[in-house]
Amino acid sequence: MSNGTYVMSASPLKGGRKRAACEPYIPRIITTLGQRPACLVNASVTYVGNEQIYAFGGFDQYTDEVYNHVLKLNLAARQWSLVDNYGDIPGVRMGHTACLWQSDKLLVYGGENEHRIHLSDVVIFDIKTAHWTQPEISGPVPRGRARHSAVIYDDKLFVCGGMTGGDNTVLDDICSLDLKTWTWSRTWRFVSRYDHASWVWGGKIWISGGMGEEMERTNEIWWLDFRGAPAFEGGPTYGSMGSNEPSSLNDRGLNTYVGPGMPAPGSGYAANTGVQSNSATQIQRNAPVAPGAISSVKFMSSPNLPMQGVGSHFHVFSSGCMLDFVTPATNMPLETSLSALDLDTLRWQKLADGKDLFSPQYRWHYCCLDPDGTQAWLLGCPREQRANNPNGEAEEYLSDVLPIDLRRFGLLGNKMSQEARLEQRIPTSDTHGSSHLSAIGADLARTFNQPPESGSGTDFTITALRDDDYSLEDLSEAGSPSATLTSPTIMPSSTADSESSSSSTNTSQPIHVHRLILSARWPHFSRLYNAQMSEFHTKRMHIPEPYPAVKAFLYYLYTDSISSPPATASGADFAAAPSLEDVSNLLVMSNIYDMPRLRHLCVNRLVRDLDVQHAALVFDRANTAQEDWLKRRAASFCMTHWGRVVRTSAFRNLKRSAMLELCEGVDAEGRVVGGDELEAVGGLGGARLGSGMMGGLWGAGRKRGRIGSAGANTLDGADDDADDTTEGMDDEGMEMG
């Protein structure tokens, strides 16, 4: 080219990279065939991998029968089949739990048989051999129960709550079964719940959803921090409380009564017989409070709080969040949604409107996730009769499946979320320091952007746009400055001497990197490297993107992270934590270079930390990167916080086309509502802001506000930046316990 800058033939040209137009993600319902089970009540439905879901047991409310059938759904073939099973086949039951264990076994605990006797047995189904076994168990058997929750963590089965006895007493206990020794722990008091969900995250056992003793849905979430509690790691304790438990419990007068051999009511039934089992000691006592810190939060009024009194709720865990699928309970239009509660910040966000996910013509009975929490499946049936039903009656079978790709809503998955948590420090390989990165990632980060003379081995330099030399309104529709080249460029030797002069215009300071690392981690760079053109040996590249975004991009190549570690090493040039603006530009780069993992990390960060100052920028960058879901989320946020968003520099710097597109997102009959009027109808969620500070946009057909589950009127997202809070609550309207 005339200016001495060469564009490699393999470079991705932004102007021509457009993919097919992004359509809103709407999951499609799958209708199954084969031996479809009836819409059983309180069966267990578990995803076991290899595109297969297993259903076991349950109660048929139309025939009044309880089953012990094992059925398999092949999702790839969309086919149900009855599984022939062998061995120590358990008796019929409902309200039990079935946890996937060791990747190829189902661990079934408890439930209620046809005589309404509550069970406390453990049976194991080997998926590969279709063979049942019943292990020999020792220790104090917990009370028999149904409609409880169970989760496997660290080779222990934790059991929480449930119902027991002829009067359906709601249990408030927690216990664990050591799956190595098959020994029950003692039972502790925790929280009264049934029909709830439980999971382990961050060293805590979490309880959400379900009902309490008042038989009403609850807005509370509880957790037990068992880190540093030896009682959860040791064997069972008989008699009075063990020495490992807090002495403060004794001060409360909480005593334990042990009667060796005393049967726990309704708990002593073996898996496949009607006789009492004496394989373990059974104890009846008043349980002490569980060791460890117990906390709870009750959401009184929060901007994105799902209404617990509306719809059918499925609470599941994924990516460090509690997900709440609010599905239609009737065929009437209701406020349904998919929402997420971040367990680190205890803040709600709405991931999708129910109208985009759930058809009111279907009733959903069960929800299951894959182990990594990236895929969900809802199982149910249509409300109305099918046209091809010869009996003219509505089908009551688990005939339909709604698969939902949770990655499309910015969720990382459990593995990536665990890696991204800054709280978990992993020692580096050869230092005494610690980092949130893996050992090799932390060590590579120490060599990033170090000059060659420091002994770092860097052999390549990359420049970018100066941080103060671009503005959003100067960016083209393709995402790069229209006045510069539209792809990474190589500086030949003829321009090397003029680097200092170019630096005085719009070129940033150089970033020192290693060609080997870039070739291994960046497919586009690898293509350039393998081209072996003479200009490439100048060992220089210019990327026409803002300097902070380019530096964060290169840092990601070294560490597989877009977070920033602490600067523990002397002289190391660790990259600064990328701001939302940097991550927005990183999102565009991930699209340019077709790097899906980086795109996934960026989308998750942007939707999690979306705020007023950056909402317009995120809208623009998501539009450029063709991330339709994130674009719509940012637009919805802008509409809710319109009065503040229009006063930000990000909004003022929007390109005219982007600004018009954002404004046209308002309903044709929409109008601006001032803060005083919003407060009058409860639209501020308890905040008190003047009309000069905030406004909201309402469409003519939109309901003004919505009734929160605690009876408070809220407008979705309206109080994320509220100045005042209700006394005794935090800024999300949470009541701490």
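How do H9 and H11 lie relative to each other, roughly parallel or roughly antiparallel? The views below take up this question and others. The model is predicted, with local features needing pLDDT of at least 70 and side-chain atom pairs counting only at pLDDT 80 or more, while totals for chains, interfaces and linings use all residues. Residues are numbered from 1 along each chain as its sequence is written, and side-chain values use heavy atoms, with hydrogens and water left out.

**View 1. Helices H9 and H11.** The two axes come within 9 Å and cross at roughly 5°. Because angles under 35 degrees count as roughly parallel and those over 145 as roughly antiparallel, H9 and H11 are roughly parallel to each other. Axes are lines fitted to C-alpha atoms, for helices over the stretch in contact, and angles run from 0 to 180 degrees between N-to-C directions. From H9, the contact (heavy atoms within 4.5 Å) involves residues including Glu581, Ser584 and Leu587. From H11, Leu617, Val618 and Arg621 are among those taking part.

View 2. Helices (H or I, at least four residues) and strands (E, at least two) are DSSP runs, numbered from the N terminus. H9 covers residues 580-592, and its end C-alpha atoms are 19 Å apart, in agreement with the 18 Å that its 13 residues should span at 1.5 Å a residue. The expected span is 1.5 Å times one less than the number of residues. Of the 13 residues, 12 are buried, so H9 is largely enclosed by the rest of the structure. Buried means under 20% relative accessible area, with a 1.4 Å probe and protein chains only. The buried residues pack against strand E37 and helices H8, H10, H11 and H12. After H9 comes Asp594, whose phi is positive, near 55°.

**View 3. Leu554 in the largest nonpolar core.** A nonpolar core is a set of buried Ala, Val, Leu, Ile, Met, Phe, Trp, Tyr and Cys residues joined through side-chain atoms within 4.5 Å. Leu554 is one of the residues that touch the most other members of this 88-residue core. H8 gives the largest share, 10 residues. Beyond its neighbours within four places in sequence, Leu554 is in contact with residues including Phe448, Ile462 and Trp522.

**View 4. An open sheet of 4 strands.** The order is E1-E31-E30-E29, with antiparallel pairing. E1 and E29 are the edge strands, each pairing on one side only. Two strands pair if DSSP finds at least two bridges between them; E29 and E30 have 7. Cys368 stands opposite Trp377 in E30.

Note on methods. Buried means under 20% relative accessible area, exposed over 50%, partly exposed in between (1.4 Å probe, protein chains only). Angles under 35 degrees count as roughly parallel, over 145 as roughly antiparallel, 65 to 115 as roughly perpendicular and the rest as oblique.
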